[in-house]
Amino acid sequence: QVQLVESGGGSVQAGGSLTLSCTASEYIYSTYCMAWFRQVPGKEREGIAAIDSDGTTAYVDSVKGRITISLDNANLTLYLQMNDLKPEDTAMYYCAARDGTAVPALGVPGEIYFGYWGQGTQVTVSP
C-alpha cells in the first residue's frame with residue numbers, strides 16, 4: 001500500500017517560484033507512473049504533469065514552459081518545479097501514483113488512472 005505525502009506549498013507573489021515534493025512510502029512494482037494534479041474549490045481536478053519510472057514525461061499545454069516534473073527513484077520522491085507563478089496557479093496541489101503502468105502516449109492521465117493520492121499542499125499566488 002503506497003502512501004504519498006506532499007510538501008513545499010506556500011504563499012508567493014506573482015512571478016515567484018516554488019518546488020513541491022511528494023515522497024512515496026514504497027512501490028510495489030518496478031514500473032510506475034506518478035503525476036501532479038491541482039484543484040480549485042468548485043472545479044474539477046486537473047492533471048498538469050506526469051512522469052514514469054523510465055523517465056517519460058508529459059505536461060498539459062497550460063503549464064508547459066513554466067513547470068518541470070522530475071523523479072528521484074532512489075528516494076521515492078517526486079518534484080514539481082514551478083516558475084513564473086501566476087494568480088491562476090493558486091490551487092491545492094496533489095501527488096498521485098499508480099503501480100505497474102507508464103505515462104500514456106496521449107499525455108497526462110486523468111484522475112481515474114491513479115489509485116494512490118496524497119492529502120495535498122496549498123499553493124497561493126498573490127498579485
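## The aromatic cluster

In this predicted model, a single aromatic cluster is formed by Phe37, Tyr113, Phe114 and Trp117. The number of aromatic pairs in the structure comes to four.

One of these pairs joins phenylalanine 37 to phenylalanine 114 in an edge-to-face arrangement, with 5.6 Å from centre to centre and 85° between the planes. The pair connects distant parts of the chain, since its two members stand 77 residues apart. Phenylalanine 37 belongs to strand β4, which covers residues 32–39. Phenylalanine 114 lies in the loop between β9 (91–99) and β10 (116–117). Both phenylalanine 37 and phenylalanine 114 are buried.

## Phenylalanine 114 and tryptophan 117

Phenylalanine 114 also pairs with tryptophan 117: the ring centres are 6.2 Å apart and the planes meet at 75°. Why does this pair count as edge-to-face? The angle decides the matter, because planes over 60 degrees apart fall into that class, and here the angle is 75°.

Is each of these two residues buried or partly exposed? Phenylalanine 114 has a relative accessible area of 6% and is therefore buried, the limit being under 20%. Tryptophan 117 has a relative accessible area of 24%, so this residue is classed as partly exposed.

## Arginines over the rings

Two members of the cluster also have an arginine over the ring face. Arginine 45 is placed over the face of tryptophan 117, at a distance of 4.9 Å from the ring centre. Tyrosine 113 has arginine 98 over its face, and here the distance from the ring centre is 4.6 Å.

## The chain as a whole

The fold contains eleven strands and zero helices. Read from the N terminus, the order of elements is accordingly β-β-β-β-β-β-β-β-β-β-β.

How does the radius of gyration of the chain agree with that of a compact globule? For 127 residues, a compact globule would have a radius near 14 Å, and the chain has 14 Å, so the two agree. Along the principal axes, the C-alpha atoms fill a box of roughly 45 × 30 × 25 Å.

## Burial, contacts and surface

Of the 127 residues in the chain, 43% count as buried. Among contacts with a separation of 6 or more, 61% are between residues 24 or more positions apart. The pair of phenylalanine 37 and phenylalanine 114, at 77 residues apart, likewise links distant parts of the chain.

The accessible surface of the chain amounts to about 6,300 Å². Carbon and sulfur atoms account for 48% of this surface.

Definitions and conventions:
Residues numbered from 1 in each chain as written. Predicted model: local features only at pLDDT ≥ 70, side-chain atom pairs only at ≥ 80, totals over all residues. Heavy atoms only, no water. Phe/Tyr/Trp six-rings, centres within 6.5 Å; stacked < 30°, edge-to-face > 60°. Helix = DSSP H or I, 4+ residues; strand = E, 2+ residues; numbered from the N terminus. Buried < 20%, exposed > 50% of the residue type's maximum accessible area, 1.4 Å probe, protein only. Lys NZ or Arg CZ within 6 Å of the ring centre and 35° of its normal. Rg over C-alpha atoms; globule rule 2.2 N^0.38 Å. Contact = heavy atoms within 4.5 Å. Areas by Shrake-Rupley, 256 points an atom, 1.4 Å probe, with all protein chains shown as cover.
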